[in-house]
Amino acid sequence: MIIRLSDHFTYKKLIRFTLPSMIMMVFTSIYGVVDGLFVSNFVGTTAFAAVNIVMPFLMVLGGVGAMLGAGGSALVAKTLGEGDNAKAHRYFTMIIKLMVIVGAFFSIVGITFIRPVSYLLGADDAMINDCVVYGTTTLIFNAALLMQYTFQSFLITAEKPNLGLVVTVAAGVTNMVLDAVLIAVMNMGVVGAALATGLSQLVGGMIPLFFFLSKKNNTILRFAKARFELRPILKACGNGVSEMMSSISGSITGILYNRQLMAYAGENGVAAYGVIMYASFIFIAIFAGYSNGSAPIVGYHYGAGNRRELKNMLRKSMTFVIISGAIMLVVGLALASPLAGIFVGYDGELWEMTTRALRICFSVFIIMGVNVYASSFFTALNNGGVSAAISFMRSLILPIATILILPPLFGLDGIWISLPAGEFLSLFVSIAYLLMGRRQYGY
């Protein structure tokens with residue numbers, strides 16, 4: 001059965017349409033976790049900490065792809081809902097062209113400044129070379145990374161979520177196989193990890209490009225002649241600024257967490273935090289995948305002026321993320337110890353620290369889905385301001401406040417508690433904006 005953006009969505013149809021996006025995000029997280037597993041177990045704790053130190057900087061640069069992907073697809077979906085397919089095709093083409101140019105520019109800038117930035121992020125002399133090597137090698141493929149992010153959103157808008165899943169699986173398998181070959185077999189260390197990641201991003205970016213260029217593309221999206229237009233570019237950036245803000249904010253808070261952990265627990269603390277991030281990615285991916293998969297539906301019906309379907313989408317989506325969050329909480333608490341053992345089971349003290357940290361941090365799942373979806377919902381409504389405000393409070397202001405206030409009161413536990421505390425406070429912000437937007441959008 002072909003599902004169109006213009007359809008009325010029951011729970012069954014909604015899950016069927018968003019399931020490929022959820023699987024895609026989970027799979028992306030899994031092969032990211034595999035990266036960490038190989039580095040931690042075959043290269044060592046110092047290299048693992050080095051990768052985690054430099055990762056926030058790479059996330060900032062990758063955030064541009066998330067911004068233009070989410071914001072651009074929201075604009076294109078709204079334009080399709082308004083019935084102007086030709087304009088939607090121009091916007092789509094323009095955003096992809098812009099992505100390639102920006103990706104290449106950021107590669108040059110990132111490689112130029114990777115060493116001083118690594119020191120700024122908290123690297124010491126023991127790990128600086130690993131930071132520079134991993135960051136430089138990964139940044140060579142930055143344009144491919146941005147294209148992969150952008151095409152993931154546009155394949156959903158093109159009503160091809162299953163193709164997006166196939167592309168992600170192909171990229172993930174590439175990454176995991178190369179991890180095994182380059183790190184475990186050829187002993188290439190962090191260079192091998194970076195090459196495996198970069199080449200997988202090349203696969204993830206190029207397959208969708210060839211699809212949209214091919215004659216087999218029979219979707220509602222296609223490339224067209226397009227020049228750069230400032231207004232739609234700014235609109236797309238405004239729509240997706242919350243996704244960019246999440247990447248930047250996550251990087252800033254990641255720096256603070258790493259600095260606090262170096263002060264309270266040293267290299268082991270940074271390694272434990274890396275495990276939390278890798279393990280959490282798998283669970284958070286379900287919320288992110290659902291939000292990304294459902295956003296074009298919201299954008300289309302907003303453009304078509306179908307307020308009844310907007311209300312239907314919000315009600316069903318909130319039900320889904322709350323129930324999913326409760327299930328994740330139970331599963332996460334049960335798996336905390338085994339997950340810690342997989343990553344750092346070679347060190348008993350580090351394993352105990354990581355297990356305790358995971359149990360504290362996993363408590364956030366019960367409410368996180370509401371915050372993730374609320375921000376995505378307003379992006380889909382082309383209201384980048386509200387989406388950014390939710391994201392700004394959730395991923396920057398409140399986490400910074402909690403990470404600075406709680407550790408002096410509770411020591412190392414205060415660092416772990418700050419994660420769920422910031423998310424809980426953000427819940428009030430999300431609910432407030434959803435209530436205020438009811439009259440304007442009619443949901």
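Author: A residue is called buried when its relative accessible area is under 20%, exposed when it is over 50%, and partly exposed in between, using a 1.4 Å probe and protein chains only. The model is predicted, so local features need pLDDT of at least 70 and side-chain atom pairs count only at pLDDT 80 or more, while totals for chains, interfaces and linings use all residues. Residues are numbered from 1 along each chain as its sequence is written, and side-chain values use heavy atoms, with hydrogens and water left out.

Reader: Why is Ala226 called buried?
Author: Its relative accessible area is 17%. The cut-off is under 20%, so Ala226 counts as buried. The residue sits in the loop between α7 and α8, where helices (H or I, at least four residues) and strands (E, at least two) are DSSP runs numbered from the N terminus.

Reader: What is Ala226 in contact with, leaving aside its neighbours within four places in sequence?
Author: Contact means heavy atoms within 4.5 Å. By that rule Ala226 is in contact with Arg90, Thr93, Met94 and Lys97.

Reader: What makes the rings of Phe212 and Phe223 an edge-to-face pair?
Author: Rings of Phe, Tyr and Trp (its six-membered ring) pair if their centres lie within 6.5 Å; planes under 30 degrees apart count as stacked, over 60 as edge-to-face and the rest as tilted. This rule gives 22 aromatic pairs. For Phe212 and Phe223 the centres are 6.2 Å apart and the planes are at 70°, so the pair is edge-to-face. The pair links distant parts of the chain: Phe212 is in helix α7 (residues 189–213) and Phe223 in the loop between α7 and α8 (230–264), 11 residues apart.

Reader: How do you know which class of burial applies to Phe212 and to Phe223?
Author: Phe212 has 3% relative accessibility and therefore counts as buried. Phe223 has 23%, so the class is partly exposed.

Reader: What makes Phe377 and Phe378 a pair, and of which kind?
Author: Their ring centres are 5.9 Å apart and their planes stand at 75°, so this pair is edge-to-face. At 1% relative accessibility Phe377 counts as buried, and Phe378, with a relative accessible area of 1%, is buried too. Both belong to one aromatic cluster, whose members include Tyr290, Tyr302, Phe320 and Tyr373.

Reader: How do you know whether Ser291 is buried or exposed?
Author: The value for Ser291 is 2%, so this residue is buried. Ser291 is part of helix α9 (residues 267–303). Its contacts, leaving aside neighbours within four places in sequence, are Val372, Tyr373 and Ser376. Tyr373 is also one of the cluster members.

Reader: What is the relative accessible area that makes Ser118 buried?
Author: The area is 0%, so Ser118 is buried. Ser118 lies in helix α3 (residues 85–120) and touches Ile53, Val54, Ala123, Ile128 and Cys131, not counting residues up to four places away in sequence.

Reader: Why is Asn187 called exposed, and why is Asn382 called buried?
Author: Asn187 has a relative accessible area of 62%, hence exposed. Asn382 has 8% relative accessibility, so it counts as buried. Asn187 is in the loop between α6 (161–185) and α7, and Asn382 is in the loop between α12 (365–380) and α13 (384–410). Phi is positive for Asn187, near 55°, and for Asn382, near 60°; each is a residue other than glycine.

Reader: How do you know that the radius of gyration agrees with a compact globule?
Author: The radius is taken over C-alpha atoms, and the globule rule is 2.2 Å times the number of residues to the power 0.38. For 443 residues that rule gives a value near 22 Å, and the chain has 21 Å, which agrees. The C-alpha trace spans about 60 × 40 × 40 Å along its principal axes.

Reader: What do the totals for the chain say about secondary structure, burial and contacts?
Author: There are 15 helices and 0 strands. Buried residues are 59% of the 443. Of the contacts between residues at least 6 apart in sequence, 82% join residues at least 24 apart.
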